Amino acid sequence: MSNQILWDCHMHSSFSADSDTSMEDMIHEAIRQNLSGICFTEHLDPDYPPTPDNETFELDLDGYRETLFSLQEKYRSKLNIHFGIELGLQPHLADSLNELLKTIPFDFVIGSSHVVHGYDPYYGVFFENREESACYREYFESILENLNAFSGMDVYGHIDYIVRYGPNQNREYSYERYQDILDEILRTVIDKNLGIELNTGGFHYGLGEPNPCRAVIRRYRELGGEIITVGADAHAPDKIAYDFDKAAAILAESGFKYYTVFQNRKPEFIKL
């Protein structure tokens, strides 16, 4: 169908610590929506700091792989199901993450910044007694630190993730306000032959924007970026392919004629 995105390349199931939905339930909803394919990208965040709710982001990789491959076969005639992962990046993890990626045959790897110098901005303590703008800038600086240490991913995930959880979310945030460091991030991503994602999670967090925002996506294209995947960051069936009509319009308005899907770590460009 013209101008419609039919692949959701960022989603989680109960193999991720922050979801309690079975993979099969996610698959059923993707089939109901007539998607062409999906990619599970379960969380793996090694050395995740202690949290108020005692959350951990460990992953049963063997169980995940076995279950996915079984469901891949079961639903082969109805849906393409790819095997991905979302790595929580921290510079000191670079060597261990590189070793992991040598041993597991993922289709797609998202590298994301969740932990910033020992804190996840999801929890309000990161912002306590600090200027929100300083917190945002520290987050973006941590992305550059991660990129300088590790480039084993295929795309960098939800580049302005932090605005989902800031005290004012994105009311005082804009690409222009952080243009210097955001441009440096985008140029580094492009120089390393990596991509970014358009993550529609920002819409279901009430931001009125994807992550990253429209202006960052447009700037990425202006700087020569070509690789861009699309995912809703769904942790439950009702968020699968969330606002993908808006995502398609944003990509077209930003100058993209294609979006990207990875298989066996190789990009395929699908026409909008």
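Biologist: Leaving aside its neighbours within four places in sequence, which residues is Q90 in contact with?

Modeller: One caution before the reply: this is a predicted model. Q90 contacts P46, D47, V115 and N146, once neighbours within four places in sequence are set aside. Q90 itself sits in the loop between β3 and α3.

Biologist: Why does Q72 count as buried?

Modeller: The cut-off applies again: Q72 counts as buried because its relative accessibility is 19%. Q72 belongs to helix α2, residues 61-74. Beyond four places in sequence, Q72 touches I81 and H82.

Biologist: How do I read the helix as a whole? Which residues of α2 are buried?

Modeller: The buried residues of α2 are L61, G63, Y64, L68, L71 and Q72. Seen down the axis of α2, these fall within an arc of 160°, so they line one face of the helix. On the face turned away from that buried side, α2 carries the exposed residues D62, E66 and K74.

Biologist: What do the buried residues of α2 pack against?

Modeller: They pack against α1 (23-32), β2, β3 and α3 (94-103). The helix α2 lies across β2 and β3, and runs at about 160° to β3. Its 14 residues reach 20 Å from first C-alpha to last, close to the 20 Å expected at 1.5 Å a residue.

Biologist: Now α1. Which residues are buried there?

Modeller: In α1 the buried residues are M23, M26, I27, E29 and A30. Down the axis of α1, they fall within an arc of 165°, so these residues line one face of the helix. Their cover includes β1, β2, α2 and β3. Just after α1, N34 takes a positive phi of about 60°.

Biologist: Let us turn to the strands. What is the order of the strands in the open sheet?

Modeller: The general idea comes first. Strands of a sheet pair through backbone hydrogen bonds, either parallel or antiparallel. Here an open sheet of 7 strands has the order β1-β2-β3-β4-β5-β6-β7, with parallel pairing. Its edge strands, β1 (7-11) and β7 (228-231), each pair on one side only.

Biologist: How many bridges join β2 to β3?

Modeller: There are 8 bridges between β2 (residues 37-44) and β3 (residues 80-88), and the two run parallel. Within this pair, C39 of the sheet stands opposite H82 in β3. H82 is also one of the contacts of Q72.

Biologist: And where can I look for an antiparallel pair?

Modeller: Look at β8 (residues 258-263) and β9 (residues 266-271), which run antiparallel and are joined by 6 bridges. Q263 has K266 in β9 as its bridge partner. The hairpin has 2 residues between the strands, and N264 takes a positive phi near 55°.

Definitions and conventions:
Residues are numbered from 1 along each chain as its sequence is written. This is a predicted model: local features need pLDDT of at least 70, side-chain atom pairs count only at pLDDT 80 or more; totals for chains, interfaces and linings use all residues. Side-chain values use heavy atoms; hydrogens and water are left out. Helices (H or I, at least four residues) and strands (E, at least two) are DSSP runs, numbered from the N terminus. Buried means under 20% relative accessible area, exposed over 50%, partly exposed in between (1.4 Å probe, protein chains only). Contact means heavy atoms within 4.5 Å. Two strands pair if DSSP finds at least two bridges between them. Axes are lines fitted to C-alpha atoms, for helices over the stretch in contact, and angles run from 0 to 180 degrees between N-to-C directions. The expected span of a helix is 1.5 Å times one less than its number of residues. The arc is that of the directions from the helix axis to the C-beta atoms.
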